[in-house]
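Hello,

Here is the structure for you to look over. My notes on it follow below.

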Amino acid sequence: MSNCPNCSHPIQPDWKACPYCQTTLKIACPSCGKELQSDWKACPFCGSSVGGAAKHFDDKPGAGPIGYCYRSGKAIHAGDPHFKCTDCDQLFLETYRFEETPVCQQCAQEQGMAQALEQERTAKAEAEAIQAREAAARKAERQRHEEAARLAREAHERAAREAEASRHQALEKLGITDEHWVAIQGGRFLMGSPETEEGREDNERQNWVKVGDFEMMNTPVTWAMYLAYCEATSRELPVEPDWGRHNDHPVVNVSYWDAVDYAQWLSEQTGWLCRLPTEVEWEYSCRAGTTTPFWTGDTISTNQSNYDGHYAYGSGCKGEYKARTTPVDRYPANPWGLHDMHGNVFEFCVDVWDEFLYVVPWDEFYSNKESEDVSQDRSKYQLRVRRGGSWAYGPNAARSAARESTTPDLGFETLGFRLARIKL
């Protein structure tokens with residue numbers, strides 16, 4: 001006989017609940033002290049016989065458990081983490097669950113589930129390791145490809161730089177580089193001069209003309225450029241002018257055919273397509289979008305161009321007469337970046353001279369006229385066009401629309417040339 005732990009009334013050992021206060025009763029194993037159900041005859045933990053020697057106890061007076069942990073014997077109350085083993089059909093506290101399965105640890109061990117799970121875990125770890133190695137191998141391969149591509153790209157860029165440097169050095173030996181060319185965007189412009197322009201000639205009749213894209217040298221060909229050609233081809237040097245052959249002065253005493261030969265040689269050396277400019281290209285480049293007698297405006301001065309300063313044009317003043325050529329970049333460039341379009345030296349154009357070229361509307365005539373490249377036929381000795389004026393002529397000859405003719409087989413100290421370049 002023992003007493004209820006809640007109301008102290010006498011209770012029998014085999015009672016499951018106190019009849020006076022309704023407290024659920026437990027018993028403890030007299031040997032190991034584990035909590036047991038009141039109707040158990042023996043302790044499942046230590047094997048001791050319970051009989052009447054067990055005493056009742058309760059962890060939570062007044063709160064009845066929903067069962068007892070089969071492993072520890074502790075009461076399981078509502079809200080306690082617990083589970084029911086699907087194998088032995090017993091209640092257990094959460095502590096005795098095998099991994100995340102609905103099986104207790106003892107059953108799992110007996111069934112070999114732990115070993116199977118360990119094998120599964122090992123297999124998974126091995127699979128993950130294989131995947132990691134494969135991913136690392138793919139990453140390494142990708143990095144090798146990227147590195148190879150980077151090295152190839154750097155090698156290509158280095159080769160391109162070296163080729164460009166070599167090409168630039170080769171061009172420097174020729175005295176001419178890409179920096180000497182100005183891109184001219186084609187368009188339509190009014191060629192010739194109005195009847196009211198001072199010094200106008202009858203062969204300057206105005207016509208609207210279309211021009212395609214091309215490039216123009218920003219200066220006349222210099223002595224340095226032409227002498228490099230003579231040295232490379234063993235060509236006879238032009239007659240030296242009284243003031244000498246200065247590298248940065250325009251070459252003079254060269255004929256139309258000398259200029260054509262130089263353009264052909266330069267094309268062969270560089271891969272460019274070089275030629276003398278057409279008369280239309282020359283005036284279009286000289287005007288640079290202007291409609292006045294000079295790109296400088298209605299007049300010009302010897303501070304802007306090398307011409308015979310004994311003469312003035314329009315409202316301008318007389319100036320200096322240098323009696324010789326000057327460096328090709330001494331005077332300001334026009335709005336399109338071209339130097340010496342007025343004065344210093346006359347410049348050959350590729351065209352055969354036609355006194356009354358402007359009598360016919362140019363758009364009806366120009367395409368057929370220009371398609372005939374007379375520079376390729378040495379049998380044609382007709383006069384050629386020269387433009388731009390020179391150091392020995394007054395400013396009137398340097399007007400944008402001023403036209404003059406010259407023989408193709410003779411050179412003069414007042415006559416040079418510049419080239420046009422056509423993109424292939």
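Is Glu99 buried, partly exposed or exposed? Glu99 counts as partly exposed, because its relative accessibility is 44%. The classes are buried under 20% relative accessible area, exposed over 50% and partly exposed in between, with a 1.4 Å probe and protein chains only.

Some ground rules. This is a predicted model, where local features need pLDDT of at least 70 and side-chain atom pairs count only at pLDDT 80 or more, while totals for chains, interfaces and linings use all residues. Residues are numbered from 1 along each chain as its sequence is written, and side-chain values use heavy atoms, with hydrogens and water left out.

Overall picture

The protein chain has six helices and 19 strands. These are DSSP runs numbered from the N terminus: helices are H or I with at least four residues, strands are E with at least two. Of the 424 residues, 42% are buried. The chain exposes about 22000 Å², and carbon and sulfur atoms supply 48% of that. The areas come from the Shrake-Rupley method with a 1.4 Å probe. Take the contacts between residues at least 6 apart in sequence: 61% of them join residues at least 24 apart. Contact means heavy atoms within 4.5 Å.

Backbone

Most residues other than glycine have a negative phi. Glu99 has a positive one, near 50°. Glu99 sits in the loop between β9 (91-93) and α1 (105-111). Asn253 also has a positive phi, about 60°. Its loop runs between α3 (223-233) and α4 (256-270). Asn253 counts as buried, at 16% relative accessibility. Within α3, the buried residues are Trp223, Met225, Tyr226, Ala228, Tyr229 and Cys230.

Glu347

Glu347 is in strand β15 (residues 346-352). Glu347 is buried, because its relative accessible area is 1%. Its side chain makes a polar contact with the side chain of Trp282, at 2.9 Å. A polar contact is a pair of N or O atoms within 3.5 Å; within protein, one must be able to donate a hydrogen and the other to accept it, and residues adjacent in sequence count only if both atoms are side-chain atoms. Leaving aside neighbours within four places in sequence, the contacts of Glu347 include Pro220, Asp340, Arg386 and Phe417.

The search used a 1 Å grid over the protein atoms alone. A cavity is a set of points where a 1.4 Å probe fits but cannot get out; a pocket is an open set with protein on both sides within 12 Å along at least five of seven lines; lining residues have an atom within 4 Å of a point. Points are joined across faces, edges and corners, and a volume is the space filled by probe spheres set on them.

The largest pocket holds about 200 Å³. It has 14 lining residues, with Ala263, Gln264, Cys274, Arg275 and Gln376 nearest its centre. Helix α4 and strand β14 (273-275) each give two or more residues to this lining. The largest share, six residues, comes from α4. The lining divides into seven nonpolar, four polar and three charged residues. Here Ala, Val, Leu, Ile, Met, Phe, Trp, Tyr, Cys and Pro count as nonpolar, Asp, Glu, Lys and Arg as charged, and the others, Gly among them, as polar.

One cavity of 30 Å³ or more turned up in the whole structure. The largest cavity holds about 40 Å³. Its lining is Trp295, Gln304, Ser305, Tyr331, Pro332, Asp340, Met341 and His342.

Best wishes
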